[in-house]
Amino acid sequence: MTVDLVAGWVAGLDDVMARIARRFARVEPRRRARGYLLGLLSPLAGKNSWTIAEAAGDSTPDGMQRLLNNFRWDADAVRDDLRDYVGEHLGEPDGVLIVDETGFLKKGVKSAGVQRQYSGTAGRIENCQLGVFLAYASCKGRALIDRELYLPQRWCDNPARRAEAGIGEQVTFATKPAQGLAMLTRALDARLPAKWVTADEAYGKDSKFRAALQRRHVGYVLAVACNQKIPTETGSSRADALAARAPDPAWKRRSCGDGVKGPDSTTGPWHLCPTPAPPNTATAAGC
């Protein structure tokens, strides 16, 4: 690490803060936001209001908590600023938009949207919140650009619980694929350069999700269950049956990442990948 490298990081952070400064009405929340971002980027073992406040030199977490709970600032506008910033620095014509969800384990029942539900993070049903996220990737790098908190139906149908958690009346129930599609729509409407979209089975099985991408002429590679019916020229067929009929030369082995002995092509749910083709409406079967 060099002094010039650190100076470059500081200049980059200052550039980001200058871009979003207008979203904060007063100087104090702007300063708090800068300290909060530094805390998120730091190598802290655990990141919460206490640890981030301590890293910023505060004796209590009150200031950071005010930023998150009381200060008035436009989170969605900051999100749009981030998306535009990512497009300027990482944007490429063949960029990829990735939709995925993450679970946040919780012990109580007060956090917005918390309930016992499946968490991919834990690999089992847990008391947790679920967030749906949109990331952008290109040959220049990758970054998260959007987010939605999944609000289960039982939360939407409980006005008292919603009010206690600060959830406005304008928030209505939406499935995770619908939330993913809303984020994709925002990114594509903003002309973020992207050639195709990828997501797991929860989104691949949703016909509305696939149809919306087809209408926008955006390529996609989506996982589906092995019993997913795929339309063909001769009628619909199960995904695993179509994969089984593909000749051996139509497949190429791909590495799932580096293992302790180099590239590993045997771990993970996808062992073989089709020979690359123009990604218009391709659907990959996670059998």
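This is a friendly conversation about how the terms used for this predicted model follow from its values.

Author: The model is predicted, and local features need pLDDT of at least 70, side-chain atom pairs count only at pLDDT 80 or more, while totals for chains, interfaces and linings use all residues. Residues are numbered from 1 along each chain as its sequence is written, and side-chain values use heavy atoms, with hydrogens and water left out.

Reader: Thanks! What does the secondary structure of the chain come to?

Author: The chain has 11 helices and 13 strands. Helices (H or I, at least four residues) and strands (E, at least two) are DSSP runs, numbered from the N terminus.

Reader: Why is serine 119 called buried?

Author: Buried means under 20% relative accessible area, exposed over 50%, and partly exposed in between (1.4 Å probe, protein chains only). Serine 119 has 0% relative accessibility, so serine 119 counts as buried. Serine 119 sits in strand 2 (residues 115-119). Across the chain of 287 residues, 32% count as buried.

Reader: Which residues does serine 119 touch?

Author: Contact means heavy atoms within 4.5 Å. Not counting residues up to four places away in sequence, serine 119 touches Gly103, Leu105, Arg124 and Cys128.

Reader: What makes the pair of serine 119 and threonine 121 a polar contact?

Author: A polar contact is a pair of N or O atoms within 3.5 Å; within protein, one must be able to donate a hydrogen and the other to accept it, and residues adjacent in sequence count only if both atoms are side-chain atoms. Here a polar atom of the serine 119 side chain lies 3.3 Å from the backbone nitrogen of threonine 121.

Reader: And why is serine 237 called buried?

Author: Its relative accessible area is 12%, so serine 237 is buried. Serine 237 belongs to strand 8 (residues 235-238). Leaving aside neighbours within four places in sequence, serine 237 is in contact with Gln228, Lys229, Ile230, Leu242 and Arg245.

Reader: How do you know that the span of helix 5 agrees with what it should be?

Author: The expected span of a helix is 1.5 Å times one less than its number of residues. Helix 5 (residues 75-90) has 16 residues and should span 22 Å; its end C-alpha atoms are 22 Å apart, so the two agree. Helix 8 has 14 residues and reaches 20 Å from first C-alpha to last, close to the 20 Å expected.

Reader: What caps the N-terminal end of helix 5?

Author: Aspartate 74 does, with a side-chain oxygen 3.2 Å from the backbone nitrogen of aspartate 76. As for packing, the buried residues of helix 5 meet helix 1, strand 3 (124-138), strand 4 (141-149) and helix 8 (176-189). Those buried residues include Ala77, Val78 and Arg79.

Reader: What makes arginine 79 and aspartate 146 a salt bridge?

Author: A salt bridge is a side-chain nitrogen of Lys or Arg within 4 Å of a carboxyl oxygen of Asp or Glu. For arginine 79 and aspartate 146, the closest N and O atoms are 4.0 Å apart. Arginine 79 lies in helix 5 and aspartate 146 in strand 4, so the pair ties together parts that are 67 residues apart in sequence. Both arginine 79 and aspartate 146 are buried.

Reader: How many salt bridges are there by this rule?

Author: The count comes to 21. One of them joins the side chains of arginine 186 and glutamate 148 (2.8 Å, N to O). That pair links distant parts of the chain, with arginine 186 in helix 8 and glutamate 148 in strand 4, 38 residues apart. Salt bridges that share partners join Asp76, Arg79, Asp80, Arg83, Asp84, Asp146, Arg147, Glu148 and Arg186 into one network.

Reader: Why is arginine 186 called partly exposed?

Author: Its relative accessible area is 24%, so arginine 186 is partly exposed. Glutamate 148 has a relative accessible area of 24% and is partly exposed.

Reader: What is the phi of arginine 191?

Author: Arginine 191 has a positive phi of about 65° although it is not a glycine. Most residues other than glycine have a negative phi. Arginine 191 lies in the loop between helix 8 and strand 5 (196-199). At 74% relative accessibility, arginine 191 counts as exposed. Histidine 217 also has a positive phi, near 60°, and histidine 217 is exposed with a relative accessible area of 74%.
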